[in-house]
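Please read them with the structure open.

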Amino acid sequence: MAVDIVTFGCRLNAFEAEVIRREAEGAGLSDTIVINSCAVTNEAVAQARQSIRKLKRERPEARIVVTGCAAQTQAAMFAGMAEVDRVVGNDDKMRSEAWQQTRDAFDIGASEKIAVSDVMSVREMAPHLVDGFATGLPRVFVQVQNGCDHRCTFCIIPFGRGNSRSVPMGAVVEQVRTLAERGHAEIVLTGVDLTSYGADLPGAPKLGMLTKQILRHVPELKRLRISSIDSIEVDSDLLDAITEDARLMPHLHLSLQSGDDMILKRMKRRHLRQDAIAFCNQVRRLRPDVAFGADIIAGFPTETEEMFSRSLDLVEECGLTFLHIFPYSPRPGTPAARMPQVAGGVIKERAKRLRAVGDAALRQRLQAEIGATRDVLIESEGQGRTEHYLPVAIADERVGSIVPRKIAGSDGERLTT
């Protein structure tokens, strides 16, 4: 049997899962399940543990390997599970030799389970072009950055991913060109802290320069999208690209986390509430139809009802369309875990209210699209997305094509044509 990958967490993990599959199968592993874990919340770690137990019951003969951010930060915990045969580090998982060593360990029946190197010592990043993307997927990801140099008080991810490092600009352009030539209509640039791109490279090029180089040197690329960004780090070249090239999609997802200045300071974020509002207003002036998404944490330690209300208000003040809501979860080893905690029931209730506000904002945006003509990328049978990442119910179109459609209505969750 082939290598099966079970992925939790972010888009970057989803991209890396394809690299893992290639390297693990190339090393000769078979009948192996790889859990590509996430560490962003306690719930994500618990889900990985539950999945491991369930999969072992279903396939008792299969080997189970755990990798990803949670494996990097909690290797001993996973190694202590009887169901787990091997724990591979988060940087190691991208290297063929780690999977060859894993196969060798299985062949000789080695008792040592942990193969996790020091991710904080990693300084360079190799580009990975995923051959599996040649299967005709309409939208594919290109990893241009990994790790993070910042230390937000709630976040364990730098200790799972290491410090920030970037793929050289020329290698990124070549990857995008190859994927565009293979017929992929939309490329998404992804990373852990995407707007820190280039600080470790010669000349310190920024994300905006990389974006412009891609658009200039890959004219056959139909659509370019950028994943989550930190608005305080956005440079003038990126704003120029948003303004000047329609192939850069008018959809930006922002790492906002809170709408209250005191909470933002306690999170050790580098922006304040007004910075977020000013950025959204600036981009909307440059490209009026832009759609914004945002990550917001509910129930951060010390958050009062008044502080939380400012996060609710921020949805309207920034004109947010897509919300990713995270109920705060204390991560061992982070400063926020030592702060006075908000009661669990209050956290759940605040997350529920934020989701309700987000659902209403999405319905409002869907309603506002009625009558407009949008270019819809067909993702799967009966499903597409507009330039603004809005879902569209659409029939009888070839997957991977981009078709103009007048928006006739909305069912509350998707646009209809």
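1. A204 sits in the loop between strand 9 and helix 8. The model is a predicted one, and in it the phi of A204 is near 50 degrees, a positive value in a residue other than glycine. Most residues other than glycine have a negative phi. With a relative accessible area of 40%, A204 is partly exposed, since it falls between the 20% limit for buried and the 50% limit for exposed.

2. L201 belongs to the loop between strand 9 (186-190) and helix 8 as well. L201 has a relative accessible area of 13% and is therefore buried, the cut-off being 20%. Which residues does L201 touch, leaving aside its neighbours within four places in sequence? They are S166, V167, P168 and M169. The C-alpha atom of L201 is also separated by 8.1 Å from that of R165, a residue 36 positions away along the chain.

3. A positive phi is found at Y389 too, at about 70 degrees, although Y389 is not a glycine. Y389 is placed in the loop between strand 15 (383-385) and strand 16 (391-393). Is Y389 buried or exposed? Its relative accessibility is 16%, so Y389 counts as buried.

4. Helix 11 (residues 273-286) packs with helix 12 (residues 305-318) at an angle of about 15 degrees, and the two axes are 10 Å apart. Helix 11 is therefore roughly parallel to helix 12, as angles under 35 degrees are classed that way. The crossing of these two helices is right-handed. On the helix 11 side the contact involves R273, A276, I277, C280 and R284, and these meet R310, D313, L314, E317 and C318 in helix 12. By class, the residues of this contact comprise 5 nonpolar and 5 charged, with no polar ones.

5. Helix 11 also packs with helix 9. The axes of helix 9 and helix 11 come within 9 Å and cross at roughly 40 degrees. L239, I242 and T243 of helix 9 make the contact with F279, Q282, V283 and L286 of helix 11. What classes of residue make up the contact of helix 9 with helix 11? There are 5 nonpolar residues, 2 polar residues and no charged residues.

6. The structure holds 33 salt bridges. One of the pairs is D240 with K212, whose closest N and O atoms are 3.4 Å apart. This pair links distant parts of the chain, with D240 in helix 9 (residues 236-244) and K212 in helix 8 (residues 207-217), 28 residues apart. D240 has a relative accessible area of 29% and is partly exposed.

7. D230 and R270 form a further salt bridge through their side chains, at 2.5 Å from N to O. Where are D230 and R270 in the chain? D230 is in the loop between strand 10 (223-226) and helix 9, whereas R270 is in the loop between helix 10 (261-267) and helix 11. The two residues are 40 residues apart, and the pair links distant parts of the chain. D230 is buried, with a relative accessible area of 5%. R270, in contrast, is partly exposed, at 37%.

8. In helix 12, E306 forms a salt bridge with R310. The closest N and O atoms of E306 and R310 are 3.0 Å apart. Because E306 and R310 are 4 residues apart in helix 12, about one helical turn separates them. E306 counts as exposed, at 52% relative accessibility, while R310 is partly exposed, with a relative accessible area of 29%.

9. Which residues are linked in a network of salt bridges? They are R139, E186, R223, R225, E379 and R385.

Key:
Residues numbered from 1 in each chain as written. Predicted model: local features only at pLDDT ≥ 70, side-chain atom pairs only at ≥ 80, totals over all residues. Heavy atoms only, no water. Axes fitted to C-alpha atoms, helices over the stretch in contact; angles between N-to-C directions. Parallel < 35°, antiparallel > 145°, perpendicular 65-115°, else oblique. Left-handed = near helix turned anticlockwise from the far one by under 90°. Contact = heavy atoms within 4.5 Å. Nonpolar A, V, L, I, M, F, W, Y, C, P; charged D, E, K, R; others polar. Salt bridge = Lys/Arg side-chain N within 4 Å of Asp/Glu carboxyl O. Buried < 20%, exposed > 50% of the residue type's maximum accessible area, 1.4 Å probe, protein only.
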